[in-house]
Amino acid sequence: MLTSHTTIVISLYILLAWHHLKSTDARSFDRLFYLLCNEVGTLDWVVALQQLRI
């Protein structure tokens, strides 16, 4: 029972720490990152090189 209790407590602590990090860290723009990755994936080479030139 002690092992089960310790495992549950540690798991909950990890979830709370992850939630805190996602809500306070300015670097966690995960949705924006994936949107930009999808946009870059749809560009062809000519358009990408033209955008880099500007």
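What share of the 54 residues of the chain count as buried? The figure is 0%, where buried means under 20% relative accessible area, exposed over 50% and partly exposed in between (1.4 Å probe, protein chains only). This is a predicted model, in which local features need pLDDT of at least 70 and side-chain atom pairs count only at pLDDT 80 or more, while totals for chains, interfaces and linings use all residues. Residues are numbered from 1 along each chain as its sequence is written, and side-chain values use heavy atoms, with hydrogens and water left out.

The chain averages a pLDDT (the predictor's confidence in each residue, from 0 to 100) of 77, and 67% of the residues score at least 70. Its secondary structure comprises three helices and zero strands, in the order α-α-α along the sequence; helices (H or I, at least four residues) and strands (E, at least two) are DSSP runs numbered from the N terminus. Mean pLDDT is highest in helix 1, at 88, and lowest in helix 2 (residues 30-42), at 67.

Helix 1 spans residues 2-24 and reaches 33 Å from its first C-alpha to its last. That is close to the expected 33 Å, taken as 1.5 Å times one less than the number of residues.

Within helix 1, Ser11 is partly exposed because its relative accessible area is 37%. A polar atom of the Ser11 side chain lies 2.8 Å from the backbone oxygen of Thr7. Leu12, also placed in helix 1, counts as partly exposed because its relative accessibility is 49%.

Notes:
Polar contact = N/O pair within 3.5 Å; in protein donor to acceptor, adjacent residues only side chain to side chain.
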